[in-house]
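Here are my notes on how the two parts of this chain meet, written as numbered points. Have a look at the model first, then read on.

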Amino acid sequence: MLEKIVEPLLMWYDKNKRILPWRETFDAYDIWISEIMLQQTRVEAVKPYFLRFKTALPKMEDLASCPEDRLLKLWEGLGYYNRVRNMQKAAIQVVEKYNGKLPADYELLKTLPGIGNYTAGAIASIAYKIPVPAVDGNVLRVIARISENDDDIMKQSMKNRVQADLMKVMPKSDPGAFNQALMELGAVVCIPNGSPHCMVCPIAESCKARKGGRIDKYPVKGKAKARRLEKHTILLIQDGSRIALHKRPSRGLLAGLYEFPNLDGYKSRDEVLEQVKDYGLSPLRIQSLPKAKHIFSHVEWDMMGYAVQVSELDHPKDEKMLFVETEQTEKNYPVPRAYSAYARYVNLNLGRDKI
DNA sequence: AAATCGGGGCC
DNA sequence: GGCCCAGATTT
């Protein structure tokens, strides 16, 4: 039944595909960068990051040898930071084992860190014209709708079935175009929220959900668990023209990025002053800052904050705490967007305007 | 199988 | 406020 959609999709894609930076090339390194960046991330958000990343690290060897802070700085604001760490691990393996060239083999691609079913399929089909599917959220939605599939698209069993079904109809001539056509359709026509644009859909005749008037019932997807709430007190500790930063642990949320020193829970002025002294610093002045909220996928941070001026003669006890000039922070230290509401009080914009 | 891991745009 | 995004990895 899926074979009917192949030709219409290829024709539609050829006429309607968007012009995107990573579509100017079939170089595997470029396709790889774009596919990793596009994981759980919208096309519009990726564009400027992709161009900057390619300019900074044009070759596999450049990525393999890049210092971690610089790597994270290039990823700052994109989120899911393990993506870029895994990319570097993979790059090192590719340089050592594959002469710097991503293998033209679906199974071998999957052995590299950060490359799973979807990404291996995308690289193999787009860069190497290997006829394998690339099943992402767009594809699952489109297939669930045209076939009125009641299975939860988040389940691995559903993904495996869709992948197997698509495998049977992959066109050998240009599998990459077919995969991208399916995704492009999901992104611009068979859209998730609101109503899909069925009037311009090239495969509307093959769509069961549309025929049945049940397009709004698909895809079926389980509800996400409620977010956990965390309260934090953010400290903007300034020493003349410098600001205190703290390096986060190498595992867990926002691993390896720099943050403003902060405390669990909401703290009073006096508690903060005590804590700052415990850091080995001498507070001169303290001022409270407005509350702010930052929402992650599975956690919500409710934050309050203080600006604290300390003596310039001070030295923090904690090795992971350091005082950095604002300009240097902007240039060299990756700080997550979660802190942007407070960063502006020390004239940091966390790269919002100039990627 | 479920939890973890960012950030933003749209309804 | 909820949903979703060219998902992968860990638990």
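1. Between domain 1 and domain 2 there are 7 residue pairs in polar contact, both residues at pLDDT 80 or more. A polar contact here is a pair of N or O atoms within 3.5 Å, where one must be able to donate a hydrogen and the other to accept it, and residues adjacent in sequence count only if both atoms are side-chain atoms. Please keep in mind that this is a predicted model, in which local features need pLDDT of at least 70, side-chain atom pairs count only at pLDDT 80 or more, and totals for chains, interfaces and linings use all residues. Side-chain values use heavy atoms, with hydrogens and water left out, and residues are numbered from 1 along each chain as its sequence is written.

2. On the domain 1 side, helix α5 (residues 68–75; a DSSP run of H or I, at least four residues) gives the largest share of what touches domain 2, namely 4 residues.

3. The count of salt bridges between the domains is 1. Aspartate 69 pairs with lysine 247 in a salt bridge (side-chain nitrogen of Lys or Arg within 4 Å of a carboxyl oxygen of Asp or Glu), and their closest N and O atoms are 3.7 Å apart.

4. About 910 Å² is buried between domain 1 and domain 2, with carbon and sulfur atoms giving 47%; this is the accessible area (1.4 Å probe) lost by the two parts on being put together, summed over both. Asp69, Lys73 and Tyr81 supply 49% of the area that domain 1 buries against domain 2, more than any other three residues.

Definitions and conventions. Chains lettered and ligands numbered in written order. Helix = DSSP H or I, 4+ residues; strand = E, 2+ residues; numbered from the N terminus.
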